[in-house]
Amino acid sequence: MTRLDEVEISKIITSTYHETLLDRLASDVVIVGGGPSGLVAAFLLARAGTKVTILEKRLSPGGGIWGGGMGMNVAVVQEEAVPLLTELAIRCRSARDGLYAVDTIELSAGLCLKAVQAGAALLNLVTVEDLCVRQGRVHGVVANRSMIYGALPVDPIVFSGRAVLDATGHEAVLVQALRKRRLPLKIKDVTECGEGPLDAQQGEQFVVDQADEVFPGLWITGMSVSAALGGPRMGPIFGGMILSGQRIAQQISAALAN
Ligand code: 48H
């Protein structure tokens, strides 16, 4: 058995983490939120060679996937999402009428694994509380340790990115931060963030079609699209989140190439 020195173990954790942290203070793309839409975007961008950092406030990334519907750990996806999931080696079981059942443990773990293996860095327990805006463009986010945020008077630090993606789900945290300052968004001015009543068909189409850049340097994907624009919620179906992440990855790639 390898001989153990407890301080050496702590040194490995500290030095490895801080090496990543130092490297990731500046990225091409900062993705806030490690739910399905953020993870899909992270995987596709990282695979294309983009330097991607995901900041996730919770201990476990995966967002709303884990709970499936009412805590039953099965996610339903439409057939349009199956090719990407199959490419990621996430198994989809045909159920009926173009709908597939996916084990939520496999979906969450699979998306995290593939994003990280493609080169995305995922920093958990990091809560993003604000944006950096200079000359009318978002160029970073303001973040703190989740355990500190809201609990202690400790200042945050900044992660910069050429593109920032709000994938914070129902909270649409970054859109809220801009609205609060009355900064001019490219989207209609709904007075408060918040989704409309549940309509699975419309809600799923909405998060795919409306995923876009909403302010120079800031894109939205997944449930934050519904929250930011007042689109319908869709209930326990995840194909739209996957396709929304896919669409926004294409948009960000195209923008970074210019
Ligand atoms: C860092 C943060 C912060 C912050 C939040 O909720 P998510 O799963 O988001 P999506 O859009 O990828 O997927 C939505 C889906 O899970 C869902 O909720 C559906 C389909 N609902 C339908 C309905 O009708 O209710 O993930 C967002 C992630 C989470 O992991 C959060 O912890 C994280 O973002 N997050 N991370 N800083 N300030 N806020």
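# Reading the packing around α2

Trainee: Which residues in α2 meet residues in α4?

Mentor: To read a contact, list the partners on either side. Here Pro 36, Leu 39, Val 40, Ala 42, Phe 43 and Ala 46 of α2 meet Leu 111, Cys 112, Lys 114 and Ala 115 of α4. By type, this contact has nine nonpolar residues, one charged and no polar ones. Keep in mind that we're looking at a predicted model.

Trainee: At what angle do α2 and α4 pack?

Mentor: Helix α2 covers residues 36-47, α4 covers residues 104-117, and they pack at about 30 degrees with their axes 8 Å apart. Angles under 35 degrees count as roughly parallel, so α2 is roughly parallel to α4. Their crossing is left-handed.

Trainee: And how does α2 pack against α8, roughly parallel or oblique?

Mentor: Go for the angle again. With α8 (residues 239-257), α2 makes an angle of about 40 degrees, and the axes are 7 Å apart. That makes α2 oblique to α8. This crossing is right-handed.

Trainee: Which residues of α2 meet α8?

Mentor: Pro 36, Ser 37, Val 40, Ala 41, Leu 44 and Leu 45 do, and their partners in α8 include Met 241, Ile 242 and Gly 245. Sorted by type, the contact of α2 with α8 has ten nonpolar residues, four polar and no charged ones.

Trainee: What about the ligand: which residues come nearest?

Mentor: Of the 29 residues around the ligand, Ser 37, Glu 56, Gly 64, Met 223 and Arg 233 come nearest. Then check atom pairs: a backbone N or O atom of Gly 64 is 2.8 Å from a ligand oxygen, while for Met 234 a backbone N or O atom lies 3.4 Å from a ligand oxygen. Arg 58 has a polar side-chain atom 3.5 Å from an oxygen atom of the ligand.

Definitions and conventions
Residues numbered from 1 in each chain as written. Predicted model: local features only at pLDDT ≥ 70, side-chain atom pairs only at ≥ 80, totals over all residues. Heavy atoms only, no water. Axes fitted to C-alpha atoms, helices over the stretch in contact; angles between N-to-C directions. Helix = DSSP H or I, 4+ residues; strand = E, 2+ residues; numbered from the N terminus. Parallel < 35°, antiparallel > 145°, perpendicular 65-115°, else oblique. Left-handed = near helix turned anticlockwise from the far one by under 90°. Contact = heavy atoms within 4.5 Å. Nonpolar A, V, L, I, M, F, W, Y, C, P; charged D, E, K, R; others polar. Near = heavy atom within 4 Å. Polar contact = N/O pair within 3.5 Å; in protein donor to acceptor, adjacent residues only side chain to side chain.
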